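Dear colleague,

Please find below the structure that I am handing over to you. My notes on it follow directly after.

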Amino acid sequence: MTHTQPRVRISVVGCGYLGAVHAAAMAHLGHEVIGIDTDEQRIASLSSGVAPFFEPGLDDLLTETLASGRLRFTTDPRSLADTQVHFVCVGTPQREDSEAADLSYLAAAIATLAEHAAPGSLIVGKSTVPVGTAAGLVADLADSRPDLGLVWNPEFLREGFAVRDTLQPDRLVYGLQEGAEGARHRQQIDEVYAALLDDTQVVVTDLATAELVKVAANSFLAMKISFINAMAQLCDATGGDVVDLADALGHDTRIGRRFLGAGIGFGGGCLPKDIKAFRHRAEEIGASLASGLINEVEQINLAQRDEVVQRVSAWFDGDVRDRRIAVLGAAFKPDSDDIRESPALQIAARLAAAGAEVRVTDPQALPVARSRGPQSLSYVDSLDTCLDGAEAVLLLTEWSEYRALDPHLAGRAVAERRIFDGRLALDPDKWASAGWHYVSVGRVDRAPR
Ligand code: UDX
């Protein structure tokens, strides 16, 4: 089936990570898009074609769509009056006083829309919210703007693959209101995604389920990672190898290999926050089985960090004071400059707190780490400087250049050949043959050969 590709006038409210990518992607599909945000600096940067964060491919997409004239950015909410579909992409960070999601940005966005949106236009929620939020918004709008429709359409994009995930999503989820109204909204949202529909599964459901899909997906991914980390502990106790185990499990198509990467655990702006908010909501609702499950997932994740600190300390008989430690990787994962909840930086900071002299390098995240990361660490631009004189090297974010490190070359720079492979990214035998002590999680240690 071929779909005609209508040009829809779209606004994207909130131009952070999600919104900036979504706005550029929608303009790339041929729509006329206006990105709206209250942050003037962010709007100025995006208007000049520069994303205020590192995301492969996004600057090119911004440049292309800005040049086409189909994409603009503004701080002026009056532009909402000229658009037919409004994507709400504001952040829902953790509240300061609890683990609940802070919905104040969402409330502000909806209030702005209620004031300025064109009659009969459609609000499409993309932010990650606790289940029940959308129903509350429908009830509020029934008082202030009954002409506005609401669809919940969660976003699953991954940092580092955000452009691809938006333009070639695994699935689209539409949470619709009941009856004729919902059917009409579906037509409107189908027009927006027309270019993707031939190749994309669409799941049509109610508002609550659509909200749940997002948090359930992130909880499941977190659970998968914690599962394999728990298996790593079993491998450590029994001489097994967690990488072989994950490979073998992964061949079972019911399980799949992805997100069975054992190591120092998960971080970032989404998984840790989303599972906390999910647990909080589950507790509010009285869903104790779900909250208990999330507790375990989180405990295992945090325990991995303790384990690393212990293993590295063991090299120095438990006392890392004045030991020079090189940490490769600051970002919470490769191909990102995001350091939020970065397991790498948390481990590095704990070693520094115990008295070690810790140098950290990263291909992209150093500017962010220098301004917002732990100040107890020295951030160094070059890998050579980081390795120079190190008594232990910790690979904590598996950037491709670290995976490809030559153990002979690296061996010449360091004072002691000790490598902790926190992401199971290296070949243990190759490193041992080059004279290194190789230690990781879920794998038998290798002595130098
Ligand atoms: C995640 C979800 O994948 C995405 O669908 C959602 O929209 C936002 O949250 P992201 O935070 O970009 O995306 O990172 P992701 O690739 O999921 O990785 C999260 C963390 O898990 C990283 O710290 C990564 O290093 C870690 N991880 C991932 C593992 O420890 N093992 C794995 O096998 C996979």
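A polar contact is taken here as a pair of N or O atoms within 3.5 Å; within protein, one must be able to donate a hydrogen and the other to accept it, and residues adjacent in sequence count only if both atoms are side-chain atoms. The model is predicted, so local features need pLDDT of at least 70 and side-chain atom pairs count only at pLDDT 80 or more, whereas totals for chains, interfaces and linings use all residues. Residues are numbered from 1 along each chain as its sequence is written, and side-chain values use heavy atoms, with hydrogens and water left out.

I begin with Asp 37. A polar atom of its side chain lies 2.6 Å from the backbone nitrogen of Cys 15, and the Asp 37 side chain also makes a polar contact of 3.1 Å with the side chain of Arg 42. Asp 37 lies in the loop between β2 (32-36) and α2 (40-47); helices (H or I, at least four residues) and strands (E, at least two) are DSSP runs, numbered from the N terminus. With a relative accessibility of 10%, Asp 37 counts as buried, where buried means under 20% relative accessible area, exposed over 50%, and partly exposed in between (1.4 Å probe, protein chains only).

Strand β4 (residues 85-88) is covered on both faces: Val 85 and Phe 87 on one side, and His 86 and Val 88 on the other, are all buried. In a regular strand the side chains alternate between the two faces of the sheet. Strands count as paired if DSSP finds at least two bridges between them. Strand β1 (residues 9-13) pairs with β4 in the parallel sense over four bridges, with Val 12 opposite Phe 87. Four bridges also join β4 to β5, again running parallel, and Val 85 stands opposite Leu 122 in β5.

A further sheet is open and has six strands in the order β11-β10-β9-β12-β13-β14, with parallel pairing. Its edges are β11 (378-379) and β14 (437-440), each with a single partner strand, so one side of each lacks a neighbour in the sheet. Three bridges link β12 (residues 392-395) to β13 (residues 418-421), and Val 393 stands opposite Ile 419. Helix α11 (residues 288-315) packs on this sheet, touching β9 (324-328), β12, β13 and β14, and its direction makes about 170° with that of β13; axes are lines fitted to C-alpha atoms, for helices over the stretch in contact, and angles run from 0 to 180 degrees between N-to-C directions. Contact means heavy atoms within 4.5 Å.

The largest nonpolar core has 62 residues, of which Leu 351, Leu 394 and Phe 420 touch the most other members. Such a core is a set of buried Ala, Val, Leu, Ile, Met, Phe, Trp, Tyr and Cys residues joined through side-chain atoms within 4.5 Å. Helix α12 (residues 343-353) contributes its largest share, six residues. A second, separate core of 42 residues includes Met 26, Leu 29, Ala 51 and Phe 53.

Finally, the ligand has 20 residues around it, and Phe 156, Leu 157, Glu 159, Gly 261 and Phe 332 come nearest; a residue counts as near if one of its heavy atoms lies within 4 Å of the molecule. Ligand oxygen atoms lie 2.7 Å from a polar backbone atom of Phe 156 and 2.7 Å from one of Glu 159. A polar side-chain atom of Arg 423 is 3.2 Å from an oxygen atom of the ligand.

With kind regards
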